[in-house]
Amino acid sequence: MLRQSMFAALLGIAMSPAQAEDISLFAAGSLRAALSEVAEDFTQTYGTPVAATFGPSGLMRERIEAGETAHVFASANMRHPRTLESAGKGGPVVLFARNRLCALARPDVEVSSGTLLEVMLKPETRLGTSTPKADPSGDYAFELFDKSGHAETLKAKALQLTGGPDSETPPGGRNAYAWVLDSDQADIFLTYCTNAVLARKEVPELQIVQVPEALSVGADYGLIVLDGAPTAASRLAMHILSPAGQAVLAEYGFDAAGVPEVD
């Protein structure tokens, strides 16, 4: 219903002339590959450039709250855009994609889906995560820990290596998660399955381990158009929600169900 209400609200402006102003898109880092392609297609279709900024969703939200100009915000959770909506900065918030956690492991680590928890709990295993609160990936990892029955042990040993304001930046062009494991900073890293696929494209020897169903954590991605945005920003949001935009997200491993018909 929320997606439908947003679509209905935007439908009346969908065919208005393109705006000359560039659209500022703030988006989760895990969306970089998919939304870069969606934004390029949008620009080719409507002639409106998109200036995209990617990073941890919590830090993106803080930048918006601090006054940076963002017209569309695509977050890796629903909480950050809802916080902006509650503050009167835009809305409505619509769920536009889903993701889930996988474990990315170095090639020398003996691990499978069935032994993942056991291996993570070993004292010698260096367990990496992103940074909770700053990056939803870290929040989802800690949610997984809560489901494990060993929450305090896992949280205490988790190395928060990415997604924080002071996290080390990978060398230019490197996938952050491939680089963390390839540079021997961790043995196992919990990240989105879509990130794991991109990391293994860079370092094929890395292992992608599926999280067992009992520990599985899903990630809901939320989209919001901010107040004061030009008309073309709503058109970009619609393009992300459209079958074409959803198809691109699906190609990159997101669960993107497409847009329901509007009566």
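**Ground rules.** I number residues from 1 along each chain as its sequence is written, and my side-chain values use heavy atoms, with hydrogens and water left out. Because the model is predicted, local features need pLDDT of at least 70 and side-chain atom pairs count only at pLDDT 80 or more, while totals for chains, interfaces and linings use all residues.

**Disulfide.** I looked for disulfides (cysteine sulfur atoms within 2.5 Å) and found one. Cys102 is joined to Cys193, S to S 2.1 Å. The link is right-handed, with 90 degrees about the S-S bond. I see Cys102 in strand β4 (residues 94-105) and Cys193 in helix α9 (residues 193-202), 91 residues apart. For my elements, helices are DSSP runs of H or I with at least four residues, strands are E runs of at least two, and both are numbered from the N terminus. Both cysteines, Cys102 and Cys193, are buried; that means under 20% relative accessible area, with exposed over 50% and partly exposed in between (1.4 Å probe, protein chains only).

**Ser24.** Next I checked Ser24, which lies in strand β1 (residues 23-28). Is Ser24 buried or exposed? Its relative accessible area is 12%, so Ser24 is buried. Leaving aside residues up to four places away in sequence, Ser24 touches Ala51, Thr69, Ala70, His71 and Val72; contact here means heavy atoms within 4.5 Å.

**Helices α10 and α11.** Last, I asked which residues meet here. From α10 I noted His239, Ile240 and Leu241, and from α11 Pro243, Gly245, Gln246 and Leu249.
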